[in-house]
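Morning, everyone. Please have a look at the structure on the screen, and I'll walk you through a few parts of it.

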Amino acid sequence: MAVIRNLRTGAWRVVELITTPVVPADYLDVIAPLRNASVLRAKIDAVHAETANSVTLVLRPGRGWVRHEPGQYVRVGVDVNGVRLWRSYSITSPPWRSDGRITITVNAVPDGAVSTELVRNAKRGMILHLDPPTGEFLLHAPRPPKALFVTAGSGITPVMGMLRSALHELADVVVVHSARTQEAVVFGSELRVLAAEGRIRLIERHTRADGRLKPADVAELVPDLLERETWACGPNEMLDDLEAHWADGGAAERLRTERFRPTLLTGGGGGTVTFTESGTVVETDGSEPLLDSGEAAGVLMPSGCRMGICFSCVLPLREGAVRDLRDGRLTIAEPGDRILVQTCISAAAGPCTIEG
Amino acid sequence: MTTIQRKKISPIAHLTPEDIEQIGIELDAIRDEVMNSRGEKDAAYIRRVIAWQRGLEIGSRGILLFSLFPPAWLVGTAGLSIAKILENMEIGHNILHGQWDWMRDPKIHSSKWEWDHVTPADQWKHSHNELHHTYTNVIGKDNDLGYGIMRVDEDQKWHPAHLGQPFYNMVNALFFEYGIAAYDLELGRNLQTKERRRDPKFRAALKGVRKKIGKQVLKDYIVFPALSGPFFLHTIAANFTANIIRNVWSHSVIMCGHFPNGVETFEKTSIEGETRGEWYLRQMLGSANISGSRAMHIMTGNLSHQIEHHLFPDMPSNRYRTIAPKIQDLFQRYGLSYTSGPLPKQVASAWFKVFRLALPNRGEAAIRRPIEKKAPAPSTRWRRAEAPAPAPAPAPAPAPATATDLAA
């Protein structure tokens, strides 16, 4: 075995000598994009419409994929009009599918570049980029005797992943779900079937007709809610309300929440810049380049032309927004992103984190 | 030529500081229009060029496995030469300029790309993107003016060693990639003193180049020839020829960028406190284009649009062609000359200069006019000029200035 392995690595080295300065994978990617374990990709196997505004994508992850835990999400990279943008989507399939496929369900968000692209244009055979699954919004073992899931809109997606994976291990489940209308409920028919079979107690709220659900309403509908282990996912205001209610009831540790997008503060007026490597924090007014702000605060930063043409000064933007001082273009990093920005012509457009 | 500041008649004497800033504003508008419209089509373009290049390289190298047969040798060598030229010019040079960074594809990014060239990408990016593109044609700051081995401007001091420069240039053309590696290492300067030779930064750079040369040589002169077995020597000859063709071609194209007649040079002190408009103007006057067909533009990596490239070094190369008419119009309106010509003419013009300036200055050129020195001041090249307030409502919009208006 060892001999064969040595022969294989030896042969591979020769192939590397042949393809230098690029790597053999750059050629192989053209033929077999899923075999490259160092660049995780997935092929879209099927696209199913869920509602008028959402689709479920069945993905075949390539080599390098690690099995997810129910409730986790995956960052997906999609080329939208030539630019690779990354967004997080909850995995809605159980982890043990024999065909190795996973599913994600995407809701078209107004002005959402990636979600709109996927809902409108995703086709079988398309290649997407992936990060390994991640997230702390998990069902723990042992399973709780009584569980409550409070969700709204696309907040149902991680919960659906949990229900599909572990409902058979849960004895008493209540799902409180809000959506604008009955038709807008993602997985509506599946949830209703589960309810009809008596496997869950489903409380649907259609907010267009009945208004938004308040924690007090939930307490009325589920009288024992503070005794239940609870998972909640939805808009930030809803989660804030729930957290306050659970804290008031002294049951904060029973509530777990998942927030899809932190509220991003962007404005023309600069913001706090955090340089992660040096640990320096600088207040800026958005009128001077990040490079100048950082250097003035003693951060050692790469620099070059100082006019935006040589790309020597680029550093990863990890979170927040920066504005190109020349043409005003905004660059926004989602959590998990590492977007290289030119620090010599970019200024903070809200709080931002730079790896440097 | 002589630097613009020492010329008897300056080609920019007719421009007021306001005109120069207005040129900057107009160029920024052209830039914004293109940069805001980058998209799927552009991304598809560069991916297509890369795919074609790789296909051509694999195909040619495959054919060269049978390099004993003359037709195979010829076709394979021609294909490999074209593949290497595309890889260096339209792909490598432009990706390393950050022209495709906006795609956020880590495989096609200036921070990650490595090219089929003996100089490592990071060293080249420093000497080219940063020094040459910021200080274009400033004597004493832009070493691309003669690469430190030649005198290509009257205002560069003559030395008897310059008598040999036509010969140096020929050798440089043949082994251009090694010339560039030596240039990026600043070998001439760094080998001078013991202290410089032992500088850890220089030693690290040297190691990088040695490693890169090793890999390149191993690939072209050992591994591929070995794969062709009994035709070992034929494949070596083919790969050597392809490298020479690539070298001579890129050397010629690059000579056409800043050496032909009509290109202006600048004094070191003239760029003190340089504004964005002034920087743009220097790029306009300091570069020369090559006219020709689409295929010609692609084979030069669109450096045939040297003027457009120097104005917007990070603009995707497939767009230079589309903005060229607007740039030409701008030159005309401001009474400036857009230097351009077919390849043979421009190459001849550059070579003529290399021969002429091997000798010391004579006649008019030997007279060195004094210049007005500017006090040191930080530049504000990144900062755009404010557009002037719009004229009062009833006044009719002024007609665009023509060359004659401005000259008057």
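**One residue, then the bigger picture**

Let's start with A:Ala113, which is partly exposed because 14 other C-beta atoms lie within 10 Å. A residue needs 20 or more to be called buried, and 12 or fewer to be called exposed, so a count of 14 falls in between. Keep in mind that this is a predicted model.

Where does A:Ala113 sit? A:Ala113 is found in helix H3 of chain A, residues 113-121. Now look across to A:Asn81. In sequence, A:Asn81 and A:Ala113 are 32 residues apart. In space, their C-alpha atoms are 9.4 Å apart. And the contacts? Setting aside neighbours within four places in sequence, A:Ala113 touches A:Val80 and A:Leu85.

Step back to the whole of chain A. Chain A has nine helices and 17 strands. Its C-alpha atoms fill a box of roughly 65 × 60 × 35 Å along the principal axes. Of the 356 residues in chain A, 39% are buried. Take the contacts in chain A between residues at least 6 apart in sequence: 67% of them join residues at least 24 apart.

How is chain A divided into domains? The domain assignment gives four entries: domain 1 is 1-30, domain 2 is 32-130, domain 3 is 146-258 and domain 4 is 271-354. Between the centres of domain 1 and domain 2 of chain A there are 30 Å, taken over C-alpha atoms.

Next, strand E7 of chain A, residues 146-152. Six of the seven residues in E7(A) are buried, so this strand is mostly covered. E7(A) has two partners to look at here. One is strand E8 of chain A, residues 172-179, which pairs with E7(A) in the parallel sense over seven bridges. In that pairing, A:Ala152 has A:Ser178 as its bridge partner. Another is strand E10 of chain A, residues 229-233, which runs parallel to E7(A) and is joined to E7(A) by five bridges. There, A:Thr151 is bridged to A:Cys233.

E7(A), helix H4 (residues 156-166) of chain A and E8(A) together make a right-handed β-α-β unit. Is H4(A) mostly covered or mostly open? Mostly covered: nine of its eleven residues are buried. Among them are A:Ile156, A:Val159, A:Met160 and A:Leu163.

Helix H1 (residues 2-19) and helix H2 (residues 24-31) of chain A have axes that come within 8 Å and cross at roughly 90°. H1(A) is therefore roughly perpendicular to H2(A). A:Val15, A:Glu16 and A:Thr19 of H1(A) make the contact with A:Pro24, A:Asp26 and A:Tyr27 of H2(A).

What about the two chains together? Their contact takes 29 residues from chain A and 35 residues from chain B. On the chain A side, H1, H2, strand E4 (83-90) and strand E16 (339-342) each supply at least two residues. H1(A) gives the most, with three residues.

Last stop, chain B. The axes of helix H1 (residues 17-35) and helix H14 (residues 320-333) of chain B come within 11 Å and cross at roughly 175°. That angle is why H1(B) counts as roughly antiparallel to H14(B). Which residues meet there? From H1(B), we have B:Ile23, B:Glu26, B:Ile30 and B:Val34, and from H14(B), B:Ile323, B:Lys326 and B:Leu330. An α-helix has 3.6 residues a turn, so residues three or four places apart point the same way.

Notes
Residues are numbered from 1 along each chain as its sequence is written. Chains are lettered from A and ligands numbered from 1 in the order in which they are written. This is a predicted model: local features need pLDDT of at least 70, side-chain atom pairs count only at pLDDT 80 or more; totals for chains, interfaces and linings use all residues. Domain bounds come from an automatic or database domain assignment. Helices (H or I, at least four residues) and strands (E, at least two) are DSSP runs, numbered from the N terminus. Two strands pair if DSSP finds at least two bridges between them. A crossover is right-handed if, with the strands pointing away from the viewer, the path from the first strand over the helix to the second runs clockwise. Axes are lines fitted to C-alpha atoms, for helices over the stretch in contact, and angles run from 0 to 180 degrees between N-to-C directions. Angles under 35 degrees count as roughly parallel, over 145 as roughly antiparallel, 65 to 115 as roughly perpendicular and the rest as oblique. Two residues are in contact if their C-beta atoms, placed from the backbone, lie within 7 Å.
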